Amino acid sequence: MTDRAHDAAAFTSAADPSFDHAEDTTDFGYRSVPRAQKKTMVREVFESVAGKYDVMNDVMSLGIHRVWKRILISQLNPRPGLKLLDLAGGTGDITFGWARAGGGPAILSDINPAMLDVGRDRAIKAGLIGQVECCVVDAESIPLPDRSVDRVTMAFGLRNCTDKNAVLREVRRVLKPGGRFFCLEFSRVEVAALAPIYDAWSFKVLPRMGKVVAGDAESYQYLAESIRMFPDQETLAQMMRDAGLEQVKHQNLSGGIAAIHSGWRL
């Protein structure tokens, strides 16, 4: 994140009395910021790390994120007649996994053009651009008709959204009846012995690695904080039910470091 975003938040806090009202603010890591500014601040984070995003995912998870994504893709049950919308798809791992596993047409979307540029370049190199459509999309306001896709995925993106409930309502809206949503996200560690190790890794090691690998410690500090601010497994499951998704369930991965939540539109 740039100093400009930090200064803007500080200025608004001092100048705008509404900043002190909880309904006008949201979390940006451990900080409270004006809701209207979060998207810009998140965009700056991902513009900063886009070129090194895949490398840093390997570093952050010791490569385990690739296993988690393979589990998610297998649960999608890709088939030629099904259409996928991959929200916050970034550099395209889920979209490309879907295509290679025999899935139908896919929309790789992200709110951040810098991330999407990386994904589009990867699609071209992989020879998948004919099957994959790349679109800049705000997940809180998806520019697709009602009941238009069979699967919606969101991997490591929901926690960066300002209005998560709006995202979940939009997901249900664009799903066809019988369609299914999958969310892969960092979650709440449920193995007590892992917690102190995970905290040390997140707050002491990752920012330093971000500085070395991506030249940006502050953005990786935000990413670690955003994980801790994200709803736990059951809270997210209830949010999905409240949005109208049914038969909601979750599967913990690596002791709850991550989890896959899924729900149907019936």
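**Cores, cavities and pockets**

Guide: This is a predicted model. Its largest nonpolar core has 37 residues, and those touching the most other members are Phe28, Phe46, Trp68, Phe156, Leu184, Phe186 and Tyr220. Two or more residues each come from α2, α3, α4, α5, β7, α8, α9 and β9. The largest share comes from α2, with five residues.

Visitor: What makes a set of residues a nonpolar core?
Guide: The members must be buried residues of listed kinds, such as Phe, Trp, Leu and Tyr, joined through side-chain atoms within 4.5 Å. Phe28, Trp68, Leu184 and Tyr220, among the core's members, are of these kinds. In soluble globular proteins, nonpolar side chains tend to be buried together.

Visitor: Which residues is Trp68 in contact with, leaving aside neighbours within four places in sequence?
Guide: Trp68 is in contact with Phe156, Leu184, Phe186, Leu253, Ser254, Ile257, Ala258 and Ile260. Contact means heavy atoms within 4.5 Å.
Guide: There is also a second, separate core of 26 residues. Val167, Phe181, Ala243 and Leu245 are included in that second core.

Visitor: Why does Asn112 count as buried?
Guide: Its relative accessibility is 2%. Buried means under 20%. So Asn112 counts as buried. Asn112 sits in the loop between β4 and α6. Leaving out residues up to four places away in sequence, Asn112 touches Arg43, Phe46 and Glu47.

Visitor: What makes β7 mostly covered?
Guide: Nine of the twelve residues of β7 are buried.

Visitor: How do you know that β6 and β7 pair?
Guide: Pairing takes at least two bridges between the strands. Six bridges join β6 to β7. Therefore the two strands pair. They run parallel. Met154 stands opposite Cys183 in β7.

Visitor: What makes a space a cavity, and what makes it a pocket?
Guide: In a cavity, a 1.4 Å probe fits but cannot get out, whereas a pocket is an open set. The count here comes to one cavity of 30 Å³ or more.

Visitor: How do you know that the largest cavity passes that cut-off of 30 Å³?
Guide: Its volume is about 100 Å³, and the cut-off is 30 Å³ or more. The lining includes Phe46, Tyr53, His65, Arg159 and Leu223. α3 supplies the largest share of that lining, four residues. By class, the lining has six nonpolar, four polar and one charged. Arg159 is one of the lining residues, and Arg counts as charged.

Visitor: What is the volume of the largest pocket, and which residues are closest to its centre?
Guide: The volume is about 460 Å³. Of the 32 residues lining the largest pocket, Ala88, Asp110, Ile111, Gly157 and Asn160 are closest to its centre. α2 gives the most to this lining, with four residues. The classes are 14 nonpolar, ten polar and eight charged.

Technical notes
Residues numbered from 1 in each chain as written. Predicted model: local features only at pLDDT ≥ 70, side-chain atom pairs only at ≥ 80, totals over all residues. Heavy atoms only, no water. Buried < 20%, exposed > 50% of the residue type's maximum accessible area, 1.4 Å probe, protein only. 1 Å grid on protein atoms, 1.4 Å probe; cavity = no way out; pocket = protein on both sides within 12 Å on 5 of 7 lines; lining within 4 Å. Points joined across faces, edges and corners; volume = space filled by probe spheres on them.
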